[in-house]
Amino acid sequence: MHDMIAILDFGSQYTPLIARRLRELGVYAVVHPHDVTAAQLAQPNLRGIILSGGPASAFEVGAPRPAAGVLALDVPILGICYGMQLLTLLDGGDVQPHAQREYGRAQIELSGGHALLEGLDEREFVWMSHGDRVTALAPGYVSLASTQDGVIAAIAHDAARRYALQFHPEVTHTPHGRQILRNFALTICGCRNDWSVADYLTTVSQDIQDQVGDNPVIVLVSGGVDSTVTAAILLKALKPEQVIAIHVDSGLMRAEESKAVMASLETLGLTHLHLVDASAQFLEGLKGITDPESKRQIIGDTFIAVQDAELARLNVDAEGAFLAQGTLYTDIIESGASGKQTATIKTHHNVGTPLVMAKRAQGRLVEPCSGLFKDEVRELGLLLGIPRQLIERHPFPGPGLGIRILGEVTCDRLELLRAADHIYLDELRHAKLYTAIWQAFAVLLPINAVGVQGDGRTYGSVITLRAVDSIDGMTADFHPIPFEVLARVASRITNEVPGINRVVFDVTSKPPATIEWE
């Protein structure tokens, strides 16, 4: 049994990153709702507890608190941001609103040596995101670091084994944050760093067998990394005849994508592989729809409806069958499904739509990748023997081009975006940039711009190019594509795709933006 760190989620969008960083260290970490009970946490392998950040103010009436007895468990506790303020208040200190919300890069100065901050310089840059501050330490606590304007940034109560940080060590914007988490997990908690993705595969395979038994499992395979790895996990865990793979051509795919997907899926050894052309059904459902959340729900529900119709055609008992999806942990956290305090950033089609939620409530949903981040899924795919060219494909959302067309989705607008996106990715491959970029794609905006093509005035569509670097999709920076490459892309798009006369490049990071535009 692997040593474990439990993370209580108080609603921070960064919460899953804490688990991700610990796993990178080889420490098994699990995210729980903030009100998980002490009995649920008190496992023999529990070595420490982390209280995450969150949007609430710790001193407000009704602010989230851990369940009774959790903080009395005999393990070290680390509070991060809201978690620091919470520990301070509960232990008798004081927290007050800050005059100005502090968000972004800040410099801290260490007060002296301590095991939690071992290996850090006297002055460090960290990432802040808070509106409140600790104004009086609780009895027994000492300050370990503070900002230039006097905000207490790190505290410790060694006798009680309680520690806290005002900043976020889990984000890449805190350069030595990983060292702090290493100090907490390995030195203070005494964890062994022997967990790996291979261990996850063993555990999830057994979980699938226990959940599914001898029943059939339907997996909707888009051809992206997540659904392809999901199908491969099912083939490892179950008998091949139990796995029914369906690829739905939604009409929202990139150029020639369904043909390429079917060819790649055949290499997995699927004995039940079916292609369904449902493009007309999806486009009919999206007619006149412009709201992003509505589009996601319609697309998600249509996938389920198409799957049910295909099962009826194949004479498969839909009630007795399970549905498998390539849901990632980032999908769950951004959909607000990981805890009551978590804000919904966007509803993912395989998480928050009514039909999917109903399947989940019935216990008929199999999501073997839902505890993993994108890079972990890729690592798992290579472990399963999936060809590297499939694993290295850029992420492609389940709703496809439906959420890369802002505004109404029509046949004409789909053709515009397909052509522009194909040129963009073609030029990136030609420049040997494709594998250096985590994700790149084109977006069709719901506006027209004036242009001059030939000797005439045009009033055409606008394409935005997006390219980001990321590790897990929770944070991202734009990739600095050379101007000469962008110039070739723009020239080709405006010359080869009638109806587009302007191309722009998105240089926004996540946060404050998301990677996708919808």
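Two strands count as paired if DSSP finds at least two bridges between them. With that in hand, look at the open sheet of five strands, which runs in the order E12-E11-E10-E13-E14 with parallel pairing. Strand E12 (272-277) and strand E14 (365-366) stand at the edges, each with a single partner strand, so one side of each has no neighbour in the sheet. As for the names, helices (H or I, at least four residues) and strands (E, at least two) are DSSP runs, numbered from the N terminus.

Before going on, a word on what you're looking at. This is a predicted model, where local features need pLDDT of at least 70 and side-chain atom pairs count only at pLDDT 80 or more, while totals for chains, interfaces and linings use all residues. Residues are numbered from 1 along each chain as its sequence is written, and side-chain values use heavy atoms, with hydrogens and water left out.

E10 (residues 217-220) and E11 (residues 243-249) pair in the parallel sense over four bridges, and Val 217 stands opposite Val 243 in E11. Helix H6 (residues 225-237) packs on this sheet, touching E10, E11, strand E13 (322-324) and E14. The direction of H6 makes about 160° with that of E10. Here axes are lines fitted to C-alpha atoms, for helices over the stretch in contact, and angles run from 0 to 180 degrees between N-to-C directions. Touching, or contact, means heavy atoms within 4.5 Å.

## Helix H5 and its two partners

Which residues of H5 meet H6? They are Leu 201, Val 204, Ser 205, Ile 208 and Gln 209, and on the H6 side you'll find Ile 233, Leu 234, Lys 236 and Ala 237. H5 and H6 pack at an angle of about 70°, with their axes 9 Å apart. That makes H5 roughly perpendicular to H6, a label used for angles of 65 to 115 degrees (under 35 is roughly parallel, over 145 roughly antiparallel, and the rest oblique). The residues of this contact divide into six nonpolar, two polar and one charged. For these classes, Ala, Val, Leu, Ile, Met, Phe, Trp, Tyr, Cys and Pro count as nonpolar, Asp, Glu, Lys and Arg as charged, and the others, Gly among them, as polar.

H5 (residues 197-212) also packs with helix H12 (residues 374-383): their axes come within 10 Å and cross at roughly 75°. H5 and H12 are therefore roughly perpendicular to each other. Val 197, Ala 198, Tyr 200 and Leu 201 in H5 meet Glu 376, Glu 379, Leu 380 and Leu 383 in H12. By class, that contact has six nonpolar, no polar and two charged residues.

## Another crossing: H1 and H4

Helix H1 (residues 15-24) and helix H4 (residues 177-188) pack at an angle of about 75°, their axes 10 Å apart. H1 and H4 are therefore roughly perpendicular to each other. Arg 21, Leu 22 and Glu 24 in H1 meet Arg 178, Leu 181 and Ala 185 in H4.

How many cavities of 30 Å³ or more does a search of the whole structure find? Three. A cavity is a set of points, on a 1 Å grid over the protein atoms alone, where a 1.4 Å probe fits but cannot get out; lining residues have an atom within 4 Å of a point. Grid points are joined across faces, edges and corners, and a volume is the space filled by probe spheres set on the points.

The second largest cavity has a volume of about 50 Å³. Its lining includes Gly 223, Val 225, Thr 228, Ser 264 and Ile 391. H6 and helix H13 (388-391) each give two or more residues to this lining, and the largest share, three residues, comes from H6. By class, the lining has five nonpolar, four polar and no charged residues.

A cis peptide bond joins Lys 510 and Pro 511, with omega about -10°. Another cis peptide bond joins Pro 511 and Pro 512, with omega about 15°. Pro 511 sits in the segment after strand E18 (500-505), and Pro 512 is found in the segment after E18 too.

Terms used: On a 1 Å grid over the protein atoms alone, a cavity is a set of points where a 1.4 Å probe fits but cannot get out, and a pocket is an open set with protein on both sides within 12 Å along at least five of seven lines; lining residues have an atom within 4 Å of a point.
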